[in-house]
Amino acid sequence: MELENTLRQDSKCHGGVLAHLERLETQVSKSHKKLEEPQNAQALEARIHELKRLQDKLRAEVKQRQARVKASTANVEPDQTLEISEQEILERKQENMNAILQAYRFTGISGKLTSQGVCVCISTAFEGNLLDSYFVDLVMEKPLWIHHHSVPVFISLEEISAKYLQTNTQHFRFVLCEYLNTYSGRKHQADRLQSDFAAFLVGPLQRNSLCNLLSFTYKVKPEGQSFPFCARLLYKDLTTTLPTDVTVTSQGTETLPRMWEEQRAAHENLFFMKPLHQVFTTFAKKG
């Protein structure tokens with residue numbers, strides 16, 4: 001009720017002040033016309049200066065009343081609405097950033113504020129296994145730029161940052177997280193093949209740094225005589241953990257018996273559908 005009375009009174013005062021301003025402007029206009037009469041020139045000029053002073057004073061009063069009404073409706077002190085310090089703005093930005101970083105932890109992305117900006121940490125995982133972590137140290141300036149990072153050189157960080165860092169930092173983090181996660185997933189599969197299923201391999205596993213091209217020779221049965229196959233797995237899409245192209249051939253034989261040809265075709269389908277170590281788990285169970 002008190003706020004409503006205040007607003008009503010301020011509104012009335014506001015209207016009275018504006019009416020007064022209009023009367024002053026009318027008097028100023030009339031005074032300008034009378035200046036043309038030489039006998040009263042000095043007196044009229046003094047009167048005009050006085051009216052202008054009153055006009056400026058009333059305009060300042062109108063602004064103060066408007067600020068007071070705005071502050072009353074927000075239920076805060078007028079001084080707080082008229083001026084917010086830079087320190088308060090910075091503190092609010094830090095609070096927002098902390099909230100965002102807290103939310104990102106559930107997606108494998110975390111971080112902490114630094115003196116220059118924020119350090120983003122990306123923790124990778126595959127099939128519930130925690131793998132490697134990487135960090136990107138961002139300087140919060142315009143334009144944003146990367147101060148330090150531990151992203152492998154074969155991940156196209158420069159290309160990703162050029163596309164998204166200045167326009168959408170959230171999308172930049174998620175795209176980078178996707179690239180790192182799928183890289184770690186492919187690497188994890190290759191490592192598991194070498195460590196857990198070395199008995200199935202004939203010779204070393206060959207892979208490039210991105211682990212998006214794998215080639216190896218393997219046997220279906222780790223012991224005894226078994227027909228060897230040569231596999232080549234290509235991951236054209238660097239945001240996937242399953243190959244886009246699979247080629248399985250026989251070693252040293254151009255034409256295969258029907259049974260082995262069927263097995264070769266079945267192996268190709270398995271490599272398309274399952275992670276590498278799961279395929280060899282299937283071989284081990286059948287064996």
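## A salt bridge between Lys 236 and Asp 245

In this predicted model, Lys 236 and Asp 245 are joined through their side chains by a salt bridge, with an N to O distance of 3.3 Å. Lys 236 is exposed, at 59% relative accessibility, whereas Asp 245 is partly exposed, with a relative accessible area of 29%.

## Salt bridges within helices

Across the whole structure, a search finds 7 salt bridges. One of them pairs Glu 261 with Arg 264 at 2.8 Å, N to O. Both residues belong to helix 7 (residues 258–273), and because they are 3 residues apart, about one helical turn separates them. Glu 261 is partly exposed at 33% relative accessibility. Arg 264 has a relative accessible area of 15% and is therefore buried, the limit being under 20%.

Another salt bridge connects Lys 187 and Asp 191, whose closest N and O atoms are 3.2 Å apart. These residues lie 4 positions apart in helix 6 (residues 169–196), so about one helical turn lies between them. Lys 187 is partly exposed at 26% relative accessibility, and Asp 191 is likewise partly exposed, at 27%. Together with Arg 207, Lys 187 and Asp 191 form a network of salt bridges.

## The chain as a whole

The protein chain contains 8 helices and 8 strands. Of its 287 residues, 33% are buried. The accessible surface of the chain is about 18,100 Å², and carbon and sulfur atoms contribute 51% of that area.

Among contacts in the chain with a separation of 6 or more, 41% involve residues 24 or more positions apart.

Notes. Residues numbered from 1 in each chain as written. Predicted model: local features only at pLDDT ≥ 70, side-chain atom pairs only at ≥ 80, totals over all residues. Heavy atoms only, no water. Helix = DSSP H or I, 4+ residues; strand = E, 2+ residues; numbered from the N terminus. Buried < 20%, exposed > 50% of the residue type's maximum accessible area, 1.4 Å probe, protein only. Contact = heavy atoms within 4.5 Å. Areas by Shrake-Rupley, 256 points an atom, 1.4 Å probe, with all protein chains shown as cover. Salt bridge = Lys/Arg side-chain N within 4 Å of Asp/Glu carboxyl O.
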